[in-house]
Amino acid sequence: MAEEFAPEVLAEIEAGYRLRPATQVGLMLVLVVLGIWLIQQAQLPLGTAIIVSTIYVALLYPLIIKIKNRLTIALSFGLYGAALTAILYWLVASYFLPALTGSQAMLSVEAIALYVIFLEIVGMELFHHLCEEYVFYERDWRSYLLTAILSAGFFACLYVFLSAYALGFTAILISAVLTMMFAWAVLPEKPV
Amino acid sequence: MLEQGTLALIVAILAGFAAFFVMGWRLKSRNPALERVVDTIVGHFLDERRFSLRDLERETGLAREDLRAALARLERAGLVSRERGDTYRLKDPLVFLTERDYDRAMRITKDDNILYGAYQNPYMPRLYLLCVYGLFLADLVFVLLAYLSHTVGWPTPTISEWVIRALPDGREDLFMPFLLFLLAMGLIFVDFMDNIIKAWARERFMVIVGALSGISYDISFADELSGRIRRGEIKDVDIDISMFQKIVNYFKSVPLGNVKVKVKKGKEEEEIVFKNMPFPRELFYVIRSIQLGALQWRKRYAHTLMLWRARAALPAAPSGPSGRGGRGGRGG
């Protein structure tokens with residue numbers, strides 16, 4: 001009777017539910033080519049097209065590629081770095097540098113606060129998406145410390161933005177509620 | 001010829017890719033100490049399911065610091081849990097419960113050997129997809145429309161005007177950062193919803209399979225595993241993965257499927273369906289094996305199962321058991 005189960009247990013447990021590796025790679029290539037072609041059709045400036053394409057590939061990769069080995073995981077990390085750099089470059093080149101060089105008005109504190117919130121959230125969510133193997137699902141002091149630091153930053157930035165509405169104590173209240181939501185979202189939950 | 005700015009962008013993206021690629025590659029380098037700890041646990045402590053740091057030190061010959069580091073990684077992978085002092089408890093690789101629920105399950109089954117434990121996802125994929133992805137999609141579409149409305153006046157300038165009016169003192173300089181903020185908050189809201197659904201499912205839909213206790217499951221929010229199917233009551237078990245589940249399984253991180261258990265209690269027969277169970281094939285085999293009293297395969301393939309589950313902790317471990325070829329025999 002033991003033998004009845006053996007082949008199934010020995011077969012790659014997750015692989016039984018996934019597309020074959022060659023199909024995964026093929027589908028990834030097809031979707032990448034299709035996506036880049038569509039981005040090209042939008043006739044965006046070259047720089048913007050490169051940024052959008054990088055983010056598109058980074059978002060697509062973990063959905064399609066389920067093969068887990070050293071190379072695929074390193075590629076996933078690489079795409080995280082590429083996507084994050086692309087977003088950072090876009091923000092710096094489009095908003096921060098023109099303000100610093102004087103070709104645009106200086107950025108207000110509220111605008112900077114909103115950009116910081118955006119970067120914090122996107123960086124964290126992209127990490128959850130692309131570097132799943134290193135997300136700490138078992139909560140320990142490190143995950144709590146990281147959450148506390150990120151939440152403090154989120155709260156401060158949100159409060160700076162909401163203060164512009166002259167809401168008084170309500171600004172603190174709204175910031176606190178949204179920060180709690182943020183903190184719970186940051187703390188990773190097991191996928192099952 | 002590329003402009004200087006575009007070239008700088010390409011170089012920056014390539015540099016970001018290379019830096020993180022190297023980081024990922026290094027993180028996945030081999031860790032002989034950790035592999036030795038896994039081998040020792042499987043080889044010596046599979047039956048007792050408990051071991052102390054001293055036992056492990058004696059069997060592996062590794063330093064305490066190395067052992068602690070290795071065990072911490074295995075703890076994060078959900079393979080062992082620390083009890084009091086330096087004693088550790090081994091978890092079955094097919095147990096996906098939280099630490100609290102695992103303790104609860106152990107208590108209720110009177111310390112039975114839990115072979116499988118997870119939560120049903122009855123709202124997957126319908127409500128889940130609708131809430132989680134639908135909301136984010138709506139947010140994304142709104143942000144895109146507002147951006148297009150502001151830059152090219154399509155579909156109508158009213159959208160961007162409405163957004164700007166909502167900003168403090170109607171400040172236009174906050175328009176773009178505010179749109180990015182809306183997009184980011186959409187992501188946070190999605191994560192938040194996801195956590196709420198998971199928290200609800202954990203309180204309401206736990207299913208465990210014990211070697212002696214059979215199948216136990218929650219039947220209401222306040223329940224403590226009062227749903228019971230004893231081993232002798234299992235008449236048949238079937239796996240049911242719909243076409244939609246099959247397609248979703250290609251892309252989601254955790255494969256799901258329904259498992260139907262036919263139960264015979266006295267003269268009455270009923271069918272109990274566990275909906276959207278993680279790793280349904282494995283659940284099917286576990287239920288079949290307790291029904292037939294054939295658990296030898298588990299021990300024989302414990303090493304391969306454990307390597308599969310430990311792959312996040314074991315840097316160089318392959319995706320599945322076949323790559324390393326467990327002690328169980330066939331390696332390919």
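The model is a predicted one, in which local features need pLDDT of at least 70 and side-chain atom pairs count only at pLDDT 80 or more, while totals for chains, interfaces and linings use all residues. Residues are numbered from 1 along each chain as its sequence is written, and chains are lettered from A and ligands numbered from 1 in the order in which they are written.

A:L63 counts as partly exposed because it has 15 C-beta neighbours inside 10 Å. (A residue is buried with 20 or more other C-beta atoms within 10 Å of its own, exposed with 12 or fewer, and partly exposed in between, the C-beta atoms being placed from the backbone.) Between the C-alpha atoms of A:L63 and A:L46, which are 17 residues apart along the chain, the separation is 26 Å.

The two chains also meet. The contact takes 66 residues from chain A and 68 residues from chain B, where two residues are in contact if their C-beta atoms, placed from the backbone, lie within 7 Å. On the side of chain A that touches chain B, at least two residues each come from helix 1 (2-10), helix 3 (46-64), helix 4 (70-101), helix 5 and helix 7 (169-186) of chain A. Helix 4 of chain A gives the largest share of this side, 16 residues. By class, this side of chain A holds 44 nonpolar, nine polar and 13 charged residues; Ala, Val, Leu, Ile, Met, Phe, Trp, Tyr, Cys and Pro count as nonpolar, Asp, Glu, Lys and Arg as charged, and the others, Gly among them, as polar.

One helix pair spans the two chains. The axes of helix 5 (residues 109-130) of chain A and helix 8 (residues 175-204) of chain B come within 9 Å and cross at roughly 35°. Axes are lines fitted to C-alpha atoms, for helices over the stretch in contact, and angles run from 0 to 180 degrees between N-to-C directions. Residues of helix 5 of chain A in this contact include A:L114, A:F118 and A:E125, while those of helix 8 of chain B include B:F178, B:F181 and B:L187. The contact divides into 14 nonpolar, no polar and one charged residue.

Within chain B, helix 2 (residues 32-44) and helix 4 (residues 64-76) pack at an angle of about 75°, with their axes 9 Å apart. These two helices of chain B are therefore roughly perpendicular to each other, a word that covers 65 to 115 degrees, with angles under 35 counted as roughly parallel, over 145 as roughly antiparallel and the rest as oblique.

Chain B also has an open sheet of four strands in the order 4-5-6-7, with antiparallel pairing; two strands pair if DSSP finds at least two bridges between them. Strand 4 (114-119) and strand 7 of chain B are the edge strands, each pairing on one side only. Strand 5 (residues 206-210) and strand 6 (residues 214-217) of chain B pair over four bridges, and a hairpin joins them through three residues. Strand 6 of chain B pairs with strand 7 (residues 227-229) of chain B over three bridges, and B:I215 has B:I229 as its bridge partner there.
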